[in-house]
Amino acid sequence: MHYRDDIGNQSYLYRLTNLILLICIITSCKSTGATFDGDTGQREFEIPLAQPDADQPIPPDEQVEHNVTVDIDSLIQTLTLREKIGQLFVIPVNGTFRNEQDQRYLEWKRLIEQYHVGGLIFMSGDIYGQAVLTQKFQQISEIPLWISQDMEFGAAMRVSGTTRFTPSMGVAATGNPENAFLKGQITAREAKALGVHQIYAPVLDVNNNPDNPVINVRSFSADPEIVSKFGQAFIDGVESEGLLATAKHFPGHGDTDTDSHLALPVINHSYDRLETIELHPFRYAIDNGLRSIMSAHIAFPNISSNPETPGTLDPDILGRILADSLGFDGLIVTDGLEMSGITTKYSPGEAVVRSLQAGADVMLISPDEMTAIYEVEKAVERGTLSEERIDQSLRKILHLKNEQGLFDSVIIDIESIGREINTPLYRKTAGRIARESVTLLKNDGDILPISDSKYQRIVVVSVADDRSGSTGTSFASELRKYHSNVSFHVLDQRTGTDEKIQILDDAGSADLLVIGSFIFVRSHQPMQLTEEQHTFLNQLQNLNKPSVLIAFGNPYVLNDLKNTDVHMLAWSATTHQVRNTVPALFAGQTISGKLPAPIPGLYETGEGIDIPQSGLRLDMPESVGLRTDSLMILDEMMQSAIEDSIYPGGSIAVVKDGVLAWHKGYGYHDYEKTRPVYETDVFDLASITKVMATATAIMKLYEDGEISLDDKVSDYIPDFDEPGKEFITIRHLLTHTSGLPAFQIYVDRYHTRSEILRAIRNEPLINTPGEEYVYSDLGFILLGDIVEIVSGIPLDRYIRRYFFYPMGMNAAHFNPSRLGNWMSNRIPPTEIDDIYERGVVQGVVHDERAYFMDGVAGHAGLFGSSMDLAIWAQMLLNNGYYKGRRYLEPETVELFTSSQSPINERGLGFDRKSGEFSSAGALTGKRTFGHLGFTGTSIWIDPDHNLAIILLTNRTYPHRSYGSEIRNIRPQIADTVMRSITDL
């Protein structure tokens, strides 16, 4: 029986009517200026890239107004008994490509065409595979298929390439139900784009049993109030997009230590107990309009007259309690009927018959649909089950299909999927929620945030419950982005004695031991450490090394390793969650999570240690309100400059709100184009040395009381105690108002450090001190000398000891080539020097005066990577604080970077944005400060926008006369970055 023939007399008429309707809709669309998909007549899905406030939901997608409705009762009258029964079944399908002659494809097709199944549940797959398969099966089904999917952790739980979310318990750890709403809303949007109509989530089970092998982090909490609040927020998010949310597993699966996939769990609680805990979230959701519930395969002997019957098959559970006591009249979906809690006792048909008799409507994943449908038919013929009972559930299902507009159109707009799924905004939201979920419960010895200098060598052990040998590799990869010396080992079921000995040897020389627990909840699997793993990890702890334990999965594993110094919960082992957890170890993100469920004997609900962000995090531009598509213009600008021979190559780094949001290398080391520039390459910073080394050192000496800005230079350099020079102060040198000339060649006569310093000390003034601004290398060479005089150690050693080394600025060095080829090979050349016969200047300072001063001078000589500059800039944006340690006082940073000269806008050592044309661009804030370098480098730090823009090039190669056009490139880069800010 073809329902389309019945409704429109003929299938042809039905399709013709829809075609006419579609043409009318499109015509109306064109006349009103609205945008519709050409195939479906549905409003095109779009969302602004700008992130709404964190406390506000993503703007709701406009709902499609459906134009075709069906008389459900009339339709039911036209269906045969087998067609009616088939509509109650939802069959499992994999959303990957299948050839139409593939056996599984043909089996699914047969169930749709011959057994008239009403719906599909996609178990796994990819975006386009699922969309195409849905489209195909919708086309061959006489009654539109109801598509459903398990999406507790977002669509990515089942569909690769979609947005991945933190498990429910982690979302509750954020303390913000709005995050549950956003998770539900985004999940629903992606599901809708894939043609899904019902989401089997949220889990409303109260996880009050730490030994529960199947719920665990799938639950929001052990507190029914928290479960109710966050569960309802998730439901609201899903329903805001017009999809059906499904609360599960009624009447509660939280307090069991048996996996219903393997056996029938039994809960012996009284009704009063269930009413206060297990039933509470379900009652709350029902009172708020819940439309669908999934039953649990659990026996409740103390509240049912059927003590050994699974709740799914028990009329007392689904009828007397759910329908009568709680007043639920929505759609009831069975949990998977293929689970052992059902199949060990009931045949496929008996399970369905008893489910219907109990009050269930949708038969999910029968182990044998054909047998089950046949047996249900026979039950009706025998009078065991009435056709009216089948009609009752069928009516609910068809009403939902009608409500969703399935009789109007089931076409998926394949073209729009690339715009609607895994958008930058969705990834940004999911990433923020993941970061906010990270929960720190113990931090003995203040190990966090991890300091590179204190813990120079980290040994990581990934503890896994599989045999892959690769679990936790993403964890190690992420750690290596934040620490330069990380060794990695896996402790899993295949780890042998030799490997364990190697792990112990490696850990013995470590400064810090980090254990990543990848023991997580999976059906049919244990969720605790094995006895062998436990014994070995105790051996590791007996080494008495500082230790960190992070649970990427089962949070209760903390009880197995109570004595580690740090306890952190990360909730999930996905790459997404790992990526958004590791920065927390290094102060790259704020830690603020609070425990939603007690860990017996260790921690209570609500516990959690807060640590504010004070370091850098590597993240996508959208995470801090920048647009990737706008920043990609930088690629074109750099390519154009390279093609115009302004420089052979370079790198750009953009820091915003504590995030290194753009970090790329461009071009090549030289014009031979055989060695590409990577973002980690090291450049001669030239005059950036003045601020990054010399001024920074002076700032510390100043606030330590070792010098005063108004100290006379003659107090440190007696040669200045002569008429005209005796009044020159440290401040004059910093503001370039000392009266000294800009520079002198010197090196045509002097080739030693002492000779050059003596010449500068004896250099005549060209202006009266304090009256004229002349940008002077000579003054900063003297400042570098003063740092050594006051501190007793050379400038290069001073700045590394007190700043670069503890801050993790690993490539920031004077004379980097002395460190070996591993460093010098990362350094692009700066010139071919024919004048002083240095040849290719590579790995040694470009500036001749600094070169003959042994490579260490106050005005030039420092080399560094864009990452080093980003770290230093973030320290200044943090007002002198970085990764949990104060390097400078806020007042000192403000003093040196604000306007301090009566002659111009410069700070103390720092250049500042000024005038109509600035290399900092037109759009950066008025308080922007930084410096340029002759070799083609620049850094601009904008405290108004919490932003830093770093450009490193070797524009002086092969000759310093090259690359003058960089003066136009710098402001263009700055303005491009500023235009990418979505809320500018």
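## Close-up views of a predicted model

**Figure 1. Three aromatic residues make a cluster.** Tyr105, Trp108 and Phe137 are linked into a cluster by ring pairs. Here, rings of Phe, Tyr and Trp (for Trp, its six-membered ring) pair if their centres lie within 6.5 Å; planes under 30 degrees apart count as stacked, over 60 as edge-to-face and the rest as tilted. By this rule the count comes to 16 aromatic pairs.

A quick word on the model before moving on. This is a predicted model, in which local features need pLDDT of at least 70 and side-chain atom pairs count only at pLDDT 80 or more, while totals for chains, interfaces and linings use all residues. Residues are numbered from 1 along each chain as its sequence is written, and side-chain values use heavy atoms, with hydrogens and water left out.

**Figure 2. Tyr746 and Tyr750 form a tilted pair.** Their ring centres are 6.4 Å apart, with 40° between the planes. Are these two tyrosines buried, partly exposed or exposed? Tyr746 is buried, at 2% relative accessible area, whereas Tyr750 is partly exposed, at 26%. (Buried means under 20% relative accessible area, exposed over 50%, and partly exposed in between, with a 1.4 Å probe and protein chains only.)

**Figure 3. Tyr798 and Tyr802 sit about one turn of a helix apart.** Both belong to helix H30 (residues 795-807), four residues from each other. (Helices, H or I with at least four residues, and strands, E with at least two, are DSSP runs numbered from the N terminus.) Tyr798 is buried at 3% relative accessibility, and Tyr802 is partly exposed at 30%.

**Figure 4. Phe137 turns up again, this time in a nonpolar core.** A nonpolar core is a set of buried Ala, Val, Leu, Ile, Met, Phe, Trp, Tyr and Cys residues joined through side-chain atoms within 4.5 Å. The largest one has 113 residues, and those with the most contacts inside it are Phe89, Leu120, Phe137, Phe250, Ile293 and Ile390. Apart from it lies another core of 84 residues, with Leu733, Leu757, Phe814 and Met823 among them. In soluble globular proteins, nonpolar side chains tend to be buried together.

Figure 5. What does Leu120 touch, leaving out residues up to four places away in sequence? Its partners include Val90, Ile112, Phe137, Leu145 and Trp146. (Contact means heavy atoms within 4.5 Å.) Leu81 lies in helix H4 (residues 81-87) and is buried, at 18% relative accessibility. Not counting residues up to four places away in sequence, Leu81 touches Glu377, Val380, Glu387 and Ile390.

**Figure 6. Two charged side chains lie over aromatic faces.** Lys725 lies over the face of Phe720, 4.8 Å from the ring centre. Arg838 does the like with Tyr851, at 4.6 Å from the ring centre. A charge sits over a ring if NZ of Lys or CZ of Arg is within 6 Å of the ring centre and within 35 degrees of the ring normal.

**Figure 7. Seven strands form an open sheet.** The strand order is E17-E19-E18-E30-E29-E28-E27, and the pairing is mixed. Two strands pair if DSSP finds at least two bridges between them. Strands E17 (617-618) and E27 (911-912) stand at the edges with a single partner strand each, so one side of each is left without a neighbour in the sheet. Further in, E28 (residues 929-933) and E29 (residues 937-942) pair in the antiparallel sense over five bridges, and His931 stands opposite Ile939 in E29.

Figure 8. One runs from Ala201 to Pro202, with omega near 10°. Pro202 is in the loop between strand E5 (198-199) and helix H9 (224-239). The other runs from Tyr957 to Pro958, with omega near 0°, and Pro958 is in the loop between E30 and helix H35 (966-979).

**Figure 9. Ile365 and Trp571 have positive phi values.** Most residues other than glycine have a negative phi, and most peptide bonds are trans. Ile365 has a phi of about 55°; it is in the loop between strand E10 (363-364) and helix H15 (369-382), and is buried at 9% relative accessibility. Phi of Trp571 is near 80°. Where is Trp571 found? In the loop between strand E16 (566-569) and helix H22 (575-579), where Trp571 is buried, with a relative accessible area of 1%.
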